[in-house]
Amino acid sequence: MTEAEKTPQAIDASKRNRHASAGNAELFTIGEIPDDAVSRISSGIDELDRVLGGGIVEGSVVLVGGDPGIGKSTLLTQASANIARHGEIVLYASGEESTRQIKLRANRLGAEDSGFYVLSENDMEAIINRAQEMNARLLVIDSIQTMLLNGVTSAPGSVSQVKESAMALLRFAKQTGCSAILVGHVTKEGSLAGPRVLEHMVDAVLYFEGDRQHQYRMLRAVKNRFGSINELGMFEMTGDGMREVKNASEILLAERAEGASGSVVMCAMEGSRPMLTDVQALVATTVFGNPRRMASGIDQGRLALLLAVLEKRAGFRMYDQDVYINIAGGMTLTEPAADLSIVLAVASSGWNVCAGTNLAAMGEIGLSGEVRAIPHAQRRVDECARMGFTRIILPRANLKQIKVPEGAELIGVSSVAEAVMLLKRNKQDG
Ligand code: TYD
Ligand code: MG
């Protein structure tokens, strides 16, 4: 903000100072604040920009969290390179790696000629001073757990170090308009050791999901002061860096076995983005002891509930059956809209009938076996049809507001029993 914008009207200086922190913050009435749109820097990576709500906001502080080795440094090196190539000054400060190691990664990513600055340092103050001197547009801190602040005596990675370091960075970003991205490692328990305490301080929090065994990585916004949350970006870890996945549906369905039983497609909404997913079930007779219920990609409790509904409301015998659920591609489904596809996948495997290669199913299931309406039905139906899933089972309540895509057949159901009957017909036909 320039000096001229700051004081549109003269307000008694003493009154202002009463509310000033550190002696230099200005006091405004709400109307005095110029409401020009925030200005953003593009990272040159569309998926990252989208998760951020359209790019990195000037003067904002973003936390990027995730398991060690998931690709945080890789993605941020790529972003730094892209931004530097556009003539902006970028400082990549690492407290974890030597400049040589950073160079090795940059070589692999083809980023060695991009001109971003690298500093191997873990003194937060020194880093901030450097960034200020060079008038940086973007400062990357890799990682916040390795940073130390003068005057704070506890060890790096401790809550007070992490908090104080982030505080200093926040002040710097707000005062100078330099954007900052903080890397934070998550511990295995899923809590961001240290950095979780930062979530409320920073402007946006992005988490990497997916495991190192899969090549696909999901970047999810869980907080964003400048955009919508629950946006999802998809990446593929390749030999030369993180590649954007533009057509997620295609990839998540690529290895789908056609004509196999126990597989039903559903369209999940990840933020504003519809994404087709293959829901797989395997039902097998329990050989010994209690039946096993294993859920990967959905909540274990939700699976237990759905199986109970299937048993009670659709007459399925589940008590001597093992049930395994898997969501293809390492995806996680948290939406109740996935219920119907899970139940149908179980029924399909239990009966050993194919649910139909062009079938998709979506709907929330209640305890009385009723199929309830789902949000974003139109977007989901359109995505299914676009990907060739033209036979779509939906909650009856959703049916009337939907414009049927060309060539698609929508089947409304109001109960689990009714939905399962549709499969039974396949069983008799085949
Ligand atoms: P990294 O970005 O260092 O992870 P983080 O900063 O989250 O700890 O990358 C981790 C892994 O990715 C590492 O095991 C090597 C692999 N990798 C690739 O597969 N391709 C690449 O181009 C790069 C740079 C790394
Ligand atoms: Mg790293």
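## Two helices side by side

Let's start with helix α6 (residues 124–133) and helix α7 (residues 159–176), whose axes come within 10 Å and cross at roughly 10°. Keep in mind that this is a predicted model. Angles under 35 degrees count as roughly parallel, and α6 and α7 are therefore roughly parallel to each other. The crossing in which α6 passes α7 is right-handed.

Which residues do the meeting? On the α6 side they are Met124, Ile128, Ala131 and Gln132, and in α7 they meet Ser165, Ala168, Leu169, Phe172 and Thr176. As a general point, an α-helix has 3.6 residues a turn, so residues three or four places apart point the same way.

## A leucine in a loop

Next, go to leucine 198, which you'll find in the loop between β7 (179–185) and β8 (204–209). Is leucine 198 buried or exposed? Its relative accessibility is 0%, so leucine 198 counts as buried. Leaving out residues up to four places away in sequence, leucine 198 touches Leu63, Ile144, Val162, Lys163, Ala166 and Leu182. Of these, Val162, Lys163 and Ala166 have numbers that fall in α7 (residues 159–176). For a sense of distance, take serine 228: leucine 198 and serine 228 are 30 residues apart in sequence, and their C-alpha atoms are 19 Å apart in space.

## A covered helix

Now for helix α4 (residues 72–85). How many of the 14 residues in α4 are buried? The count is 13, so to speak a mostly covered helix by the under 20% cut-off. Just past the end of α4 sits glycine 87, with a positive phi of about 85°.

## An aromatic pair

The model has three aromatic pairs by the ring-centre rule. One of them joins phenylalanine 316 and tryptophan 351: the ring centres are 4.9 Å apart and the planes lie at 45°, so the pair is tilted. This pair links distant parts of the chain, with the two residues 35 apart: phenylalanine 316 is in the loop between α9 (300–314) and β15 (321–327), and tryptophan 351 is in helix α10 (residues 339–351).

| Residue | Relative accessibility | Class |
|---|---|---|
| Phenylalanine 316 | 10% | buried |
| Tryptophan 351 | 19% | buried |
| Leucine 198 | 0% | buried |

Terms used: Residues are numbered from 1 along each chain as its sequence is written. Chains are lettered from A and ligands numbered from 1 in the order in which they are written. This is a predicted model: local features need pLDDT of at least 70, side-chain atom pairs count only at pLDDT 80 or more; totals for chains, interfaces and linings use all residues. Side-chain values use heavy atoms; hydrogens and water are left out. Buried means under 20% relative accessible area, exposed over 50%, partly exposed in between (1.4 Å probe, protein chains only). Helices (H or I, at least four residues) and strands (E, at least two) are DSSP runs, numbered from the N terminus. Rings of Phe, Tyr and Trp (its six-membered ring) pair if their centres lie within 6.5 Å; planes under 30 degrees apart count as stacked, over 60 as edge-to-face and the rest as tilted. Axes are lines fitted to C-alpha atoms, for helices over the stretch in contact, and angles run from 0 to 180 degrees between N-to-C directions. Angles under 35 degrees count as roughly parallel, over 145 as roughly antiparallel, 65 to 115 as roughly perpendicular and the rest as oblique. A crossing is left-handed if the near helix is turned anticlockwise from the far one by less than a right angle, and right-handed if clockwise. Contact means heavy atoms within 4.5 Å.
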